[in-house]
Amino acid sequence: MLLLLLALLVCLPSVTSLDEMEASTEMGDLLAGDQRNLESYEGAQGILGDTEPLAVSLDCGEVYSAEGVALIRRVTAALGTLPGVTVTNQVFRGGLYHEVVRTNVNSLVTVERPVREGLGLKWLPLVPERLDENGLRELRRWSQEHPFARNILVAADGRHTMLIINLTDLAFTTEEQLQFHNEVEAVLQPFRDEGHSARAIALPLIEHEIYTTLVQDTGRFVPLALALLVGVLGVTFWRLPRLLVFVLVSQTMGLALMPLLMEVTGLYLNIFTVLLMPLLTGVHLTLLIHVATAFQRAWVRGLGAGWAIHAMLAEVFRASAYAALTTMVGLLALMASDVQQIREFGELGAAGIGMLFLVTFGPGLGLLLVLFRNAKSPVPEATVLGVETGRGGRWVEFLLRHRRWIAAVAVVAVGLMALGISKVRTDIRASEFLGKESPTRLMIEELDVAYGGINVVRMAVDSGMTNGINHPAFLRYLDAVHQHAAAQAEVTAAYSYAQLLATINEVWEGGKEGTRVLPESVFKIAMFVAVLNKERDGEAHTPFMGMLSDGRGQTAQLLLRTRDMSSAAYLDLLHRMETHARTNAPAGVSVSIESGVRAILEADRRIVRSQRRSVLWSIGLIALLLAVLWRSVGLALLALAVNVLPVGMLIALQGFAGVPLNSITIMVAAIALGIAVDDTIHFITHWRGERAAGADAKEAARRTLAVKGRPIVATTAILVGMAGVFWVSHFPPVVHFGLLLAAGLAGALGAALGLLPAWLGRYGQVKLD
């Protein structure tokens with residue numbers, strides 16, 4: 001009683017903080033496992049520094065029209081009203097200070113193009129003052145043909161244009177992100193109301209979307225989980241409502257302690273750990289059902305509350321402790337992953353299982369004593385047990401008669417498992433984490449289709465000497481590699497230092513046709529380099545300089561841009577490019593594209609490596625625990641075999657269904673194994689107890705099925721239902737997680753009630769005692 005009161009006092013502060021549980025929506029969580037996009041994102045962060053880009057894709061219908069340009073001007077002006085975008089500076093000119101209003105919106109109507117002015121460059125507005133037919137034709141030519149404008153300012157289709165704002169007032173908190181989202185929507189919605197498509201993407205918008213989706217998912221999870229909880233418990237304990245109260249109150253105590261557990265571990269909800277709430281609730285329910293059904297059997301035999309608790313502990317405590325340990329092992333096995341968020345999931349999940357076990361066999365026992373202290377036993381136990389024993393006996397006889405068919409089905413399942421596992425896809429793409437109607441995903445897909453994609457890989461070409469990239473021979477080689485890359489069907493754009501110099505040459509020659517070529521004169525090259533270095537110092541008009549060459553003039557970068565494609569196709573493209581570049585490289589020049597290849601290979605390898613490590617650690621540690629529990633290697637191997645088969649079929653189902661291995665679905669196998677083995681532990685532990693009491697193997701299987709069959713079915717129904725809760729999520733990997741976990745647990749139920757009784761009833765006495 002004292003323990004129960006103490007637990008309630010501990011829970012009270014946590015209950016009040018349930019609505020304050022923090023949810024992490026960092027971009028790194030979304031990109032976890034997607035090594036390609038993660039490296040691109042981190043590289044972009046390094047270039048942008050303390051600014052954050054907001055990109056708006058506007059469908060004008062026709063950019064190169066007076067109406068299209070006017071629309072772009074209006075959207076540009078509207079975006080300039082966002083806080084911190086338009087600034088007023090004091091400029092000293094002509095002996096006086098003048099106020100200069102500048103907008104931080106880069107669009108077709110604000111950018112400038114270079115023209116020659118003496119031995120330097122000056123910058124003029126890209127859009128001509130007169131938008132007559134000639135002016136629009138020149139605007140189209142320049143923005144569609146210029147390599148640093150095409151598919152950046154205006155898409156190749158001539159319909160879409162990009163507006164980019166570099167934000168300096170960053171939105172970090174949830175409230176700031178919500179405010180920023182509302183401000184952007186308020187600016188763009190009037191244009192959408194006019195019938196124009198305007199999509200926006202920025203880090204605060206992405207994180208706000210993730211946070212909002214997490215909140216919506218949680219709002220869906222909770223009522224469904226509660227409905228499932230009440231339904232299953234009502235069916236299981238309709239004859240003894242006090243046990244229903246026991247389970248519900250114990251569940252409430254467990255949930256109330258979750259904020260405290262997160263505070264202690266320093267881990268918070270994110271797109272990964274949000275899965276733990278229904279999962280831990282389901283595992284806790286299975287534990288409570290085993291406790292409650294064991295207590296119920298003792299209670300209906302006429303034992304008082306204290307003795308019934310004692311009998312319950314004798315029946316289930318040891319098995320429950322080992323079941324909790326195996327579940328914790330399955331979760332802790334995720335610590336072997338290379339992905340930090342998966343490790344955090346495993347750590348928080350294992351801590352949660354330990355906490356719930358202590359709640360059940362601590363304050364939970366006090367609650368049982370309080371509820372049943374003055375109650376009377378309602379039903380003679382013999383009637384119910386006799387019916388259940390008869391059903392269990394008939395099922396065991398059925399299994400023994402058809403054991404050859406069962407073995408044949410198991411063999412076929414192994415073959416299907418091997419075939420399905422070979423089809424598992426490890427091609428990880430961050431956009432697949434988002435629903436098909438997600439604004440972020442729609443924007444990414446529009447960038448891919450209309451603008452030529454967002455995949456960018458760098459090929460480093462080292463000249464071998466300082467200022468070597470400005471040598472004519474090196475520039476001719478780099479230009480040849482560039483032209484070869486641009487000719488590849490998969491490449492939508494290529495950018496290089498040689499191309500930049502060719503573009504300056506075209507400007508120098510007044511834009512004459514056929515002048516966008518490398519200058520042959522060493523003097524011209526030196527002059528262009530001096531012009532570029534002068535512009536580099538300001539970095540106002542040549543942001544590409546820092547991306548295409550290093551500060552010493554030794555290494556040039558060739559940037560390849562592609563649409564979304566599979567890892568295999570991407571690797572094939574990079575291999576062809578690297579082979580061509582190395583084959584034709586002059587003496588002393590080295591080529592490296594390792595970072596791009598390594599990013600792709602590592603993205604796939606780390607997922608496969610994490611899957612293998614987590615499953616092997618789970619199998620090894622669970623086998624060791626079970627061998628210690630039963631003092632029988634044979635029983636431990638039987639338990640593993642019974643559960644490894646459905647878990648293997650789970651992975652095979654993933655392959656057949658085309659569900660990719662990613663940083664969420666990778667967790668299913670280890671978790672399913674850790675949870676599924678729980679019912680096997682309860683079954684075999686009870687079977688061994690019956691054997692120790694004098695029953696033969698077949699009779700022990702009958703009695704065990706009579707006692708454990710109902711709670712095993714009930715616990716699996718709860719776990720499958722809790723996994724089914726994930727099916728309503730907005731995140732596709734979470735939906736896949738729920739589907740696969742439900743399938744694995746359902747398969748484990750079939751194995752536990754099919755393979756186990758058949759094997760133990762037939763061979764248990766000979767080989768496993």
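Trainee: Leaving aside its neighbours within four places in sequence, which residues is Met667 in contact with?

Mentor: In this predicted model, Met667 is in contact with Phe272, Leu275, Leu334, Ile342, Phe345 and Phe737, once neighbours within four places in sequence are left aside. Met667 is also listed, together with Phe246, Met312 and Phe372, among the residues with the most contacts inside the largest nonpolar core, which has 140 residues.

Trainee: Which helix gives the most to this core?

Mentor: Helix 10, residues 276-300, gives the most, with 16 residues. A second, separate core has 45 residues, including Ile469, Leu500, Leu560 and Val591.

Trainee: Why does Phe295 count as buried?

Mentor: Phe295, which lies in helix 10, has a relative accessibility of 0%, and the cut-off for buried is under 20%, so Phe295 counts as buried. Not counting residues up to four places away in sequence, Phe295 touches Leu243, Ala305, Ala308, Ile309, Met312, Leu368 and Phe372.

Trainee: What makes helix 13 mostly covered, and which of its residues are buried?

Mentor: Helix 13 spans residues 363-372, and eight of its 10 residues are buried. Those buried residues are Pro363, Gly364, Leu365, Gly366, Leu367, Leu368, Leu371 and Phe372. Two of these, Leu368 and Phe372, are touched by Phe295.

Trainee: Why are helix 9 and helix 12 called oblique to each other?

Mentor: Helix 9, residues 258-265, and helix 12, residues 340-361, pack at an angle of about 130°, with their axes 11 Å apart. Roughly perpendicular covers 65 to 115 degrees and roughly antiparallel begins over 145, and the two helices are therefore oblique to each other. Helix 9 passes helix 12 in a right-handed crossing. The contact is made by Met258, Leu261, Met262 and Thr265 of helix 9, and by Leu348, Ala351, Gly352 and Met355 of helix 12.

Trainee: How many residues of that contact are nonpolar, polar or charged, by class?

Mentor: The contact of helix 9 with helix 12 has six nonpolar, two polar and no charged residues. Gly is counted among the polar residues, and Gly352 of helix 12 takes part in this contact.

Trainee: What share of the whole chain counts as buried, and how many helices and strands are there?

Mentor: Of the 769 residues of the chain, 54% count as buried, and the chain has 26 helices and 12 strands. Among contacts with a separation of 6 or more, 77% come from residues 24 or more positions apart.

Methods. Residues are numbered from 1 along each chain as its sequence is written. This is a predicted model: local features need pLDDT of at least 70, side-chain atom pairs count only at pLDDT 80 or more; totals for chains, interfaces and linings use all residues. Side-chain values use heavy atoms; hydrogens and water are left out. Axes are lines fitted to C-alpha atoms, for helices over the stretch in contact, and angles run from 0 to 180 degrees between N-to-C directions. Helices (H or I, at least four residues) and strands (E, at least two) are DSSP runs, numbered from the N terminus. Angles under 35 degrees count as roughly parallel, over 145 as roughly antiparallel, 65 to 115 as roughly perpendicular and the rest as oblique. A crossing is left-handed if the near helix is turned anticlockwise from the far one by less than a right angle, and right-handed if clockwise. Contact means heavy atoms within 4.5 Å. Buried means under 20% relative accessible area, exposed over 50%, partly exposed in between (1.4 Å probe, protein chains only). A nonpolar core is a set of buried Ala, Val, Leu, Ile, Met, Phe, Trp, Tyr and Cys residues joined through side-chain atoms within 4.5 Å.
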